[in-house]
Amino acid sequence: MSFVKALRCKECETEYGIEPRTVCDNDFAPVEVVYDYEAMQGKVTRASIESGPASLWRYRDLLPVEGEPLAGLRSGMTPLIRAERLGAELGVKELYIKDDSANYPTYSYKDRVVAVALTKAGEFGYDTVGCASTGNLAHSVAAHAAAAQMKAFVMIPHDLEEGKIVGSLVFGPRMVKIKGNYDDVNRLCSEIADKYNWAIVNVNLRPFYTEGAKTHGFEIAEQMGWKLPKHTIVPVAGGSILPKVWKGYEEFIRLGLVADNQPVIHAAQAAGCDPVVTAIREGSDLFRPQKPDTIAKSIAIGNPADGYYVIRIVTDSGGYGASATDPQILDAVKLLAATEGIFTEPAGGTTLASAIQLIESGRIPRDESICVCITGNGLKTVESMQGQFVAAPVIRARLDEFDEIVKQIDETQDVSRPVAMNPT
Ligand SMILES: *Cc1c(COP(=O)(O)O)cnc(C)c1O
Ligand SMILES: [Zn+2]
């Protein structure tokens, strides 16, 4: 039994049954899962959620599944950190990091969406799953498919980081590298989904897949003690997670699980791929697709499927957008590592760097609560840090040689900070 009512077109509101589907037949607008919130009243409560498992499946009543979960039984419930040191560095009073770099089992937010999509794929009777990926999705689909004993086809741009490729291949999926960028991969996957009877999680299962991203927002609210941060900064690639963090907040408000503090949501992108942020800055609700050129490969989507909804939600909430250059992204990665002990990938650096810009420009007041969404892990993208550090000295295993090293350390240098070269 679930509270799911239907799939509904986000534009003309035509309703469809619960079936594999990406868009509405009338206007090709995306379809979205709708629920019976009336029926949830009194049944979906703080207590009912708190008594659930220590995974994202504690929010199962708000997810589009019918039976037992088939994937992601240990995914979600990642740390929410009160970032005192980073907050002090930025001069803000109440700063939180939602840390999906620690998500299980593939260290990115994608374990949330894949948990729901593969469960749904199983319910629909598919035995083969696939994805169009910028890296983390391939990694997650491959891992969860192995655990659920499903066949997996993962399609990626040809130039991804080795960590994501090996990290995926170890689980035994069929991997296909496509000559082109993500938008080319995605277009091909739409044709594959039409031709083959497979569940392409972010294409024909997209409405179910994206619902999994709500759990990132649910956890922020629950872990803050059933409260919402005033400001949330979320990275934007295809535009799945930002609208769904927002939907998660709205659902909790609607169910009376949190007070309505009129939350504000902001978009973060890399300067080398910022179609959505550009549109927000220009006050337009339409974006112009871009050709990505950024080290933040996992969010390098030049033609985001849900970009239009990101722009609308951010603007309606009173939020704004910021984009970060590659050097700003790397500096933010190092700052988060040095202050909070978290190593995020360039996507996380993008989000923090954008948050810093929004704070410094006054778009985010320093005395209001702020949550920065960190969505991926830096150990998968070590290439991006190349040239950022002075090489470690190599010595013989002799104390006198070690003493020399210690002597060379400048007394004034703070050895607790990484020794970073300035990337200009
Ligand atoms: C996929 C991804 C995102 C966001 O992607 P959306 O398509 O906008 O949901 C953010 N960060 C990382 C690390 C990702 O892999
Ligand atoms: Zn429609």
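This predicted model holds zero disulfides. A disulfide is a covalent bond between the sulfur atoms of two cysteines. Cys 273 takes part in none, and the nearest cysteine sulfur, that of Cys 189, is 18 Å away. The cut-off for a disulfide is 2.5 Å between sulfur atoms, so Cys 189 is no partner for Cys 273. Cys 273 is also buried, with a relative accessibility of 0%. Cys 24 is buried too, and its relative accessible area is 0%.

Cys 9 and Cys 24 link distant parts of the chain, 15 residues apart. Cys 9 belongs to strand β1 (residues 4–9), whereas Cys 24 sits in the loop between β2 (15–16) and β3 (31–35). Both cysteines are buried.

Now turn to strand β11, residues 264–270. Is this strand mostly covered or mostly open? It is mostly covered, since seven of its seven residues are buried. In a regular strand the side chains alternate between the two faces of the sheet. In β11, both faces are covered. On one side are Val 264, His 266, Ala 268 and Ala 270, and on the other are Ile 265, Ala 267 and Gln 269.

Strand β11 has neighbours to pair with. Strand β10 (residues 231–235) runs parallel to β11, and five bridges join the two. Val 234 has Ala 267 as its bridge partner in β11. From β10 the chain crosses through helix α10 (residues 241–254) to β11, and this β-α-β crossover is right-handed. Strand β12 (residues 321–324) also pairs with β11 in the parallel sense, over four bridges. Here Ala 267 stands opposite Gly 321 of β12.

Five of its five residues are buried, so β5 is largely enclosed by the rest of the structure. Leu 95, Ile 97 and Asp 99 point one way, while Tyr 96 and Lys 98 point the other way. Strand β4 (residues 80–82) pairs with β5 in the antiparallel sense, over three bridges. In that pair, Ile 81 stands opposite Ile 97. Strand β13 runs parallel to β5, and five bridges join them. Val 372 in β13 is the bridge partner of Ile 97.

Gly 376 is found in the loop between β13 (370–374) and α15 (399–408). Gly 376 counts as buried because its relative accessibility is 0%. Its C-alpha atom is 8.2 Å from that of Pro 346, which is 30 residues away along the chain.

Finally, look at ligand 1. Which residues come nearest to it? Of the 16 residues around ligand 1, they are Tyr 109, Lys 110, Asn 136, Gly 238 and Thr 375. A polar side-chain atom of Tyr 109 is 2.6 Å from an oxygen atom of the ligand. The backbone contributes as well: a backbone N or O atom of Gly 238 lies 2.8 Å from a ligand 1 oxygen. For Ile 241, a backbone N or O atom lies 2.9 Å from an oxygen atom of ligand 1.

Key. Residues are numbered from 1 along each chain as its sequence is written. Chains are lettered from A and ligands numbered from 1 in the order in which they are written. This is a predicted model: local features need pLDDT of at least 70, side-chain atom pairs count only at pLDDT 80 or more; totals for chains, interfaces and linings use all residues. Side-chain values use heavy atoms; hydrogens and water are left out. Buried means under 20% relative accessible area, exposed over 50%, partly exposed in between (1.4 Å probe, protein chains only). Two strands pair if DSSP finds at least two bridges between them. A crossover is right-handed if, with the strands pointing away from the viewer, the path from the first strand over the helix to the second runs clockwise. A residue is near a molecule or strand if one of its heavy atoms lies within 4 Å of it. A polar contact is a pair of N or O atoms within 3.5 Å; within protein, one must be able to donate a hydrogen and the other to accept it, and residues adjacent in sequence count only if both atoms are side-chain atoms.
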